Every structure is written in C-alpha cells, then in structure tokens.
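Subject: Structure for your files

Hello,

Please find the structure below, followed by notes on what was found in it.

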Amino acid sequence: MFWKMNDARMQAPSAQYRSIVFYHNDGQRDSAEKMKAQEEGRVKATIFTEIVPFTRFYLAEGYHQKYYLRGSSDIAAEYLAIYPDIKDFIDSTATARVNGYLGRYGTKVQLEKEIDSLGLSEARRKRLLAIVTQ
C-alpha cells in the first residue's frame, strides 16, 4: 500500500516532507529494503525513500491532520464546532473514520453501518454519503 500511495521518485524539498519508512527490527528493515528495490525496478527510477530505525514518534502539526476531512470544509466545520480544541479534533475517532471515508478508504455499505455513530447532522450525513458514493 505504501508504494501505491507514495511516489518518491523526486527528492523532497525539506526533511519535513521526505519519504521515509521506519523499522523496528532487522526483519522489517530487510522487507522494506527488498520492497524499495522492487519498486525501483518497477518504475525504472531511483526511489528516494529513506529506510531508518524508529526512535520516536512526532505528531504532525494540527494543520496537517485530517487531510481529506479538511478538504470537505462543510463537514470539517461541523466537527470543528464539536471539537473546538484542535487536540480533540485530532484525537476524535469520528473525525478519523470520516477522514478515511473521504480518502476513499471504505465503502458505502461500511459507512451506512456506522454513520449514526459519527456525530454528524443529517445534512452532513447526506453529503458524506454522496461523496463516498461518487
């Protein structure tokens, strides 16, 4: 999935935006290096993804959180009204689930099963369903 979602044929303009895979053990490192080599062969280009040991997790800045959700400003605004503290917005399971659906990670059938638990108004539910159905 990583290689399908991440095109690292160009070097990042800064360390903040670089393509990177973190590993926890030798097996993960070996797998990542093997997959990187396979991807380079597939695209016939150098892949600039770094493969480095995990040391510490850093949460991205608030404006980088919930990328797909922020692209649907009306739905995002409704959640920002519910969660005015950005930490609560980021930590919300509902916003995470909706962000995933908006990123096309989930089906209409899955969404219909859980839409009542997401805390959205009827208007935003309809909008979300319409987007996912497209």
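A salt bridge here is a side-chain nitrogen of Lys or Arg within 4 Å of a carboxyl oxygen of Asp or Glu. By this rule, the count comes to 11 salt bridges. This is a predicted model, in which local features need pLDDT of at least 70 and side-chain atom pairs count only at pLDDT 80 or more, while totals for chains, interfaces and linings use all residues. Residues are numbered from 1 along each chain as its sequence is written, and side-chain values use heavy atoms, with hydrogens and water left out.

Salt bridges

Side chains of opposite charge can pair when their charged atoms come close. D7 forms a salt bridge with R9, and their closest N and O atoms are 2.7 Å apart. For exposure, buried means under 20% relative accessible area, exposed means over 50%, and partly exposed is in between (1.4 Å probe, protein chains only). D7 counts as exposed because its relative accessibility is 52%, whereas R9, at 40%, counts as partly exposed.

R42 pairs with E39 in a salt bridge whose closest N and O atoms are 2.8 Å apart. Both R42 and E39 lie in helix α2 (residues 26-43), 3 residues apart, about one turn of the helix. Helices (H or I, at least four residues) and strands (E, at least two) are DSSP runs, numbered from the N terminus. R42 is exposed at 59% relative accessibility, but E39 is buried, with a relative accessible area of 10%.

D30 forms a salt bridge with R29, with 3.1 Å between the closest N and O atoms. D30 is partly exposed at 41% relative accessibility, and R29 is partly exposed at 24%. A network of salt bridges links D26, R29 and D30.

Largest pocket

The largest pocket has a volume of about 1000 Å³. On a 1 Å grid over the protein atoms alone, a pocket is an open set of points where a 1.4 Å probe fits, with protein on both sides within 12 Å along at least five of seven lines; lining residues have an atom within 4 Å of a point. Grid points are joined across faces, edges and corners, and the volume is the space filled by probe spheres set on the points.

The lining of the largest pocket has 29 residues, of which A15, Q16, Y17, R18 and I20 lie nearest the centre. Helix α1 (2-5) and strand β1 (20-23) each supply at least two residues of this lining.

Surface patch and loops

M1, M5, Y67, Y68 and Y105 form a nonpolar patch on the surface, with about 610 Å² of accessible area together. Such a patch joins nonpolar side chains (Val, Leu, Ile, Met, Phe, Trp, Tyr) within 5 Å, from residues with over 30% relative accessible area and no salt bridge. Accessible areas come from the Shrake-Rupley method with a 1.4 Å probe, and for residues only the protein chains shown count as cover. Y105 lies in the loop between α6 (93-102) and α7 (108-114), and is partly exposed at 41% relative accessibility.

Most residues other than glycine have a negative phi. R104, in the loop between α6 and α7, has a positive phi of about 75 degrees although it is not a glycine. K44 also has a positive phi, near 55 degrees. K44 is found in the loop between α2 and β2 (50-53) and counts as exposed at 73% relative accessibility.

Regards

Notes
Patch = residues over 30% accessible without salt bridge, like charges linked within 9 Å, V, L, I, M, F, W, Y side chains within 5 Å.
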